[in-house]
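I opened this notebook to record what I looked up in the structure. The entries follow in the order of my reading.

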Amino acid sequence: MRVPLGVLLPPYLRQGIKTALAVGLTIFIDSQFLHSPEYVWAVLAAIVGMYCNVAEVVQIGFNRLSGIILGGSCALAFLFFFQPNGIWGHIALTCGVALCSALARLNSRYFMAAIALACVFLAGQGQADAVSSALLRLTDIGLGVLCAFVISVSVWPVRMTDALRQDLGRQFHEAVRLLDELVNALLRGGRGLPADLLDPLLEQAAANHEFLRRVRARELLGYRRGSQVLDEQVRIMDRCTEHLHVVLDALNDSHEEKHDPDMSAALRRVADSLMPALRHLGG
């Protein structure tokens, strides 16, 4: 059976290869079609634009592209109305970068806007045609971010759905272990299990909803395959943790008592029939 190369490579190596491909694609397009004399800005933008999973690339890539357009547009306006080497141009640049940096706490696009504003404006200094030079620099930066986006979603894409599926698998196997522990304690008539025994699993189950919301809001439609199944798994995990908590509370609140053999055997059979189903849900 053939094993995909991406499975054999560790995540950090896959990310490094993807970054190298994004840089190579950027250099090829820039040198062959744009003929930019300095494509270092495009390369830097491609490196900065690489992220681990598809959802991050979509969300942050959109923010950065919109930030580049915003910052570049402001820089072109400053170059049109002010002399690049004049005092008023420098004042406009300083105020624009300061404003974008202050707004960066609201959205990351303003941070990229500040960078694009400074790079594009400074690219026009000392050039015969300041506006054309600034437009070329703006195109270089946008190209780098776009190449990073294309490589991220097409080469070994890391999907948030896969990460959530793995988390749910671990949670269902942990639920099986806890169910077995609770049933054994119940049949022994034991008490005094820690009240926080289920807290880690409860926290993970609560976090599943936020994770699933991010999948729906940020991940591309083509990468949300199986999200309906994940939605059902999240609901089942919620009910599973609720029932486990009821058993734990009943066990700690009950008085020590012996169960008759028939009742003990029935409880054991019910638990043994549930555990394979939970393991199957966990994959």
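**Entry: the model.** I recorded that this is a predicted model, in which local features need pLDDT of at least 70, side-chain atom pairs count only at pLDDT 80 or more, and totals for chains, interfaces and linings use all residues. Residues are numbered from 1 along each chain as its sequence is written, and side-chain values use heavy atoms, with hydrogens and water left out.

**Entry: the chain.** I looked up the secondary structure and found 11 helices and zero strands. Of the 283 residues in the protein chain, 39% count as buried.

**Entry: helix α2.** I then listed the buried residues of α2: Arg14, Gln15, Lys18, Thr19, Ala22, Val23, Thr26 and Asp30. After α2 comes His35, with a positive phi near 55°.

**Entry: aromatic pairs.** Rings of Phe, Tyr and Trp (its six-membered ring) pair if their centres lie within 6.5 Å; planes under 30 degrees apart count as stacked, over 60 as edge-to-face and the rest as tilted. My search of the whole structure gave three aromatic pairs. One of them joins Phe28 and Phe33 edge-to-face, at 6.1 Å centre to centre and with 80° between the planes. Phe28 counts as partly exposed because its relative accessibility is 46%, whereas Phe33, at 58%, is exposed.

**Entry: Ser152.** I located Ser152 in helix α7, residues 130–154. Is Ser152 buried or exposed? Its relative accessibility is 2%, so Ser152 counts as buried. A polar atom of the Ser152 side chain lies 2.7 Å from the backbone oxygen of Ala148.

**Entry: a nonpolar patch.** I noted that Phe80, Phe81, Phe82, Ile87, Trp88 and Ile91 make a nonpolar surface patch of about 730 Å². Helices α4 (54–81) and α5 (87–103) each supply at least two of the patch residues, and α5 gives the most, with three. Ile91 belongs to α5 and, at 36% relative accessibility, counts as partly exposed.

Notes: Buried means under 20% relative accessible area, exposed over 50%, partly exposed in between (1.4 Å probe, protein chains only). Helices (H or I, at least four residues) and strands (E, at least two) are DSSP runs, numbered from the N terminus. Patches are made of residues with over 30% relative accessible area and no salt bridge: like charges are joined within 9 Å, nonpolar side chains (Val, Leu, Ile, Met, Phe, Trp, Tyr) within 5 Å. Accessible areas come from the Shrake-Rupley method with a 1.4 Å probe; for residues, only the protein chains shown count as cover. A salt bridge is a side-chain nitrogen of Lys or Arg within 4 Å of a carboxyl oxygen of Asp or Glu. A polar contact is a pair of N or O atoms within 3.5 Å; within protein, one must be able to donate a hydrogen and the other to accept it, and residues adjacent in sequence count only if both atoms are side-chain atoms.
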